[in-house]
Amino acid sequence: MEGTDAAMRSITRKVSEYGTTSLVATTVTASTDETLRAVEGIAGYISRQHDTDEPRADILGIHFEGPFISKERRGVHPSEWIQLPSAETLSRFLKAAAGNAEF
C-alpha cells in the first residue's frame, strides 16, 4: 500500500530472486484516499518499470482487494473501510489505475 517507486522496486527485485517473473500488485481494504494514493503510485511505477535493466519481476496490473467486499466474510480486512459498491468510487479507482486495474 506504500505505492512508492522504492517499495515497488524492493518487492519486484526480491520476488525475482525466487524465480517470480511477474505479479499483480494488490491493494488491501483501506480508506478511499489511501487506496487512491497507493494505486496512483503503482500505476506510475508500471508505466516506468521498463526504464531499467536491473533484475526484477514485471507488475502486470493492479488487483483491488476491497473495499467492495462482504463485512461478514471480510477476513482480516478492517470493517471500517468496507463499503457498498459505488460507481463514483469505482470510477475514481479506475482513473487512478490508468488502465491497470483488475477486480
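1. Let's start with Ser-70, which counts as partly exposed because its relative accessibility is 31%, between the 20% and 50% cut-offs. Do keep in mind that this is a predicted model. Ser-70 sits in the loop that runs between E2 and H3.

2. The side chain of Ser-70 is worth a look for its polar contacts. It reaches the backbone nitrogen of Glu-72 at 3.1 Å, and a polar atom of the Ser-70 side chain lies 3.2 Å from the backbone nitrogen of Arg-73. Leu-84 is 14 residues away from Ser-70 in sequence, with a C-alpha to C-alpha separation of 8.7 Å.

3. The largest nonpolar core counts 16 residues, and Met-8, Val-39, Ile-42, Ile-59 and Ile-62 have the most contacts inside it. At least two residues of this core come from each of strand E1 (22–27), helix H2 (32–48), strand E2 (58–64) and helix H3 (87–97). H2 contributes the most, with 6 residues.

4. Leaving aside residues up to four places away in sequence, Ile-59 touches Met-8, Thr-12, Leu-23, Ala-25, Tyr-45, Ile-46 and Gln-49.

5. Finally, the helix pair. The axes of H2 and H3 are 8 Å apart and meet at an angle of about 25°, so H2 is roughly parallel to H3. From H2, the contact uses Thr-32, Asp-33, Thr-35, Leu-36, Val-39, Glu-40 and Ala-43, while H3 brings Thr-89, Arg-92, Phe-93, Ala-96 and Ala-97. By type, the residues of this contact divide into 6 nonpolar, 3 polar and 3 charged.

Notes:
Residues numbered from 1 in each chain as written. Predicted model: local features only at pLDDT ≥ 70, side-chain atom pairs only at ≥ 80, totals over all residues. Heavy atoms only, no water. Core = buried A, V, L, I, M, F, W, Y, C linked by side-chain atoms within 4.5 Å. Buried < 20%, exposed > 50% of the residue type's maximum accessible area, 1.4 Å probe, protein only. Helix = DSSP H or I, 4+ residues; strand = E, 2+ residues; numbered from the N terminus. Contact = heavy atoms within 4.5 Å. Axes fitted to C-alpha atoms, helices over the stretch in contact; angles between N-to-C directions. Parallel < 35°, antiparallel > 145°, perpendicular 65-115°, else oblique. Nonpolar A, V, L, I, M, F, W, Y, C, P; charged D, E, K, R; others polar. Polar contact = N/O pair within 3.5 Å; in protein donor to acceptor, adjacent residues only side chain to side chain.
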